[in-house]
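This report looks at a few residues and at the space inside one protein model. The structure is shown first, and the text then goes through it part by part.

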Amino acid sequence: MKLSDLPIDRPIATIMLLISLMVLGAVAITNLPLDFLPLVKEPEIDVEVPFPGSHPLEALREVVQPIEEEIATIPGVEAIESSAGSGQIRVETRFSWSSNIDLKRMEVREAVERARRQLPEEVGHISVEGDINAPGGGSALRGRISAERDLSESWELLDRRIKRPLERVAGVARVNLEGVERQRIQIELDLPALKSHGIDPQDVLREFNVSNQDLDAGTIHGDVLRYDVRTVARFQDVEEMRELRLGDLGIRLGDVARVALEEPRLDYGRHLDRKFAIGIEVFTEPSANTVATVDRLMERIAEIEKDPELKGIKLLVWNNAAEEIRSSLLGLRNAGLYGGILAVLVLFLFLPRLKTTAVIAVAIPFSLVVTCGAMFVLGAEFNVLTMLGLMLGVGMLVDNAVVVIENIHRLQGQGMPPKDAARKGAREIFLAVVPTTATTIIV
């Protein structure tokens with residue numbers, strides 16, 4: 001039995017199969033994730049190196065150069081770009097698109113470990129990550145936080161009541177606050193005072209580091225109990241830092257330096273209605289459903305706005321990726337819907353037979369719904385490319401349906417019974433329709 005004969009010889013089984021596929025597709029339509037473009041695993045590995053208290057030129061010489069020399073030995077490297085700021089270094093390595101990015105990430109990590117022994121002791125944990133994102137994608141949500149009062153000193157409040165609650169939303173990768181920074185300890189040494197007391201700045205740094213650490217002093221074994229001994233020596237406040245003794249002369253740190261807890265000086269700003277504001281930017285995880293994540297974020301923002309601790313503070317969202325995605329997909333959906341209706345009308349004009357046109361008109365939505373079920377099973381999503389693919393599929397479906405039905409109708413006009421005409425008509429053009437469709441799919 002040939003494939004084209006199966007629906008004719010097994011009508012009940014065919015109908016049950018079609019109903020099952022329709023049900024699966026109908027359920028899948030409401031559960032398929034929405035996004036603007038598909039995820040792309042870019043052939044780029046980023047290395048982030050924390051180097052507290054370093055000068056950019058010092059970081060380039062002592063950190064960037066050793067890491068670049070080791071990474072450059074990896075086969076397939078196309079470009080290396082590095083940047084060094086105050087306390088932070090970033091090295092971006094790009095490979096060809098044909099590279100196995102997971103394997104290259106391991107090779108970059110091994111290269112960083114080889115360079116580790118040449119780096120200063122102050123260098124912290126080195127992060128090695130690859131880029132996975134949607135082309136042209138950025139933050140999923142952007143906005144401004146404004147208030148009648150000055151928020152430049154409200155980092156703790158904004159972090160505790162806005163930033164952390166948003167980070168706990170499922171699908172959120174990170175939340176950035178721009179225009180406000182955490183307070184930091186600023187120590188400005190008085191070089192003339194140090195010189196007059198015969199104190200070297202390096203000695204001050206060494207004494208400060210030694211005095212500001214907790215140590216494990218080991219274990220004391222008694223007759224019955226065992227005691228774990230640990231020294232607690234970290235500074236608890238600014239005043240303790242000022243009272244730090246330098247050397248044997250009784251000189252305090254506060255005598256030769258200005259020690260203060262203050263906000264770092266910002267070289268940028270955000271404004272809303274010509275008033276100072278805090279910028280907020282939310283990024284989603286690469287594999288997260290952008291629309292669903294943003295919807296959850298908006299629900300959480302509505303809860304945050306009712307927080308009594310944030311009275312007088314307004315959060316304005318002016319860039320919502322979910323709305324843009326919905327608008328783009330809605331436009332494509334409407335274009336496909338209108339195109340399908342026009343295709344049916346044109347067919348009716350050229351094939352002035354209501355039954356023939358009705359068969360094609362029913363086949364169009366049925367095939368789209370079944371395709372959505374297949375997309376759901378395969379883990380696909382609705383985006384611009386898949387929607388365009390569905391629209392292209394509608395055109396191919398109409399072409400093939402017209403050819404098959406017209407051939408069947410021709411055989412019926414020659415006096416052949418409907419079943420025999422359907423069987424022979426589909427069989428005659430089977431080898432013609434399949435190759436023409438396959439060539440389009442291959443392209």
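## Val 377

Val 377 lies in helix H12, which covers residues 354–378; helices (H or I, at least four residues) and strands (E, at least two) are DSSP runs, numbered from the N terminus. Val 377 counts as exposed because its relative accessibility is 58%; the cut-offs are under 20% relative accessible area for buried and over 50% for exposed, with partly exposed in between (1.4 Å probe, protein chains only). In sequence, Val 377 and Leu 24 are 353 residues apart, while in space they are 9.3 Å apart, C-alpha to C-alpha.

## Basis of the model

The model is predicted: local features need pLDDT of at least 70 and side-chain atom pairs count only at pLDDT 80 or more, while totals for chains, interfaces and linings use all residues. Residues are numbered from 1 along each chain as its sequence is written, and side-chain values use heavy atoms, with hydrogens and water left out.

## Thr 284

Thr 284 is part of strand E14, residues 275–284. Thr 284 counts as buried because its relative accessibility is 18%. Apart from neighbours within four places in sequence, Thr 284 is in contact (heavy atoms within 4.5 Å) with Ala 140, Gly 171, Val 172, Ala 173, Thr 290 and Thr 293.

## Lining of the largest cavity

The largest cavity is lined by Ile 162, Ile 304, Glu 305, Leu 310, Ile 313 and Leu 315. On a 1 Å grid over the protein atoms alone, a cavity is a set of points where a 1.4 Å probe fits but cannot get out, and lining residues have an atom within 4 Å of a point.

Definitions and conventions:
On a 1 Å grid over the protein atoms alone, a cavity is a set of points where a 1.4 Å probe fits but cannot get out, and a pocket is an open set with protein on both sides within 12 Å along at least five of seven lines; lining residues have an atom within 4 Å of a point.
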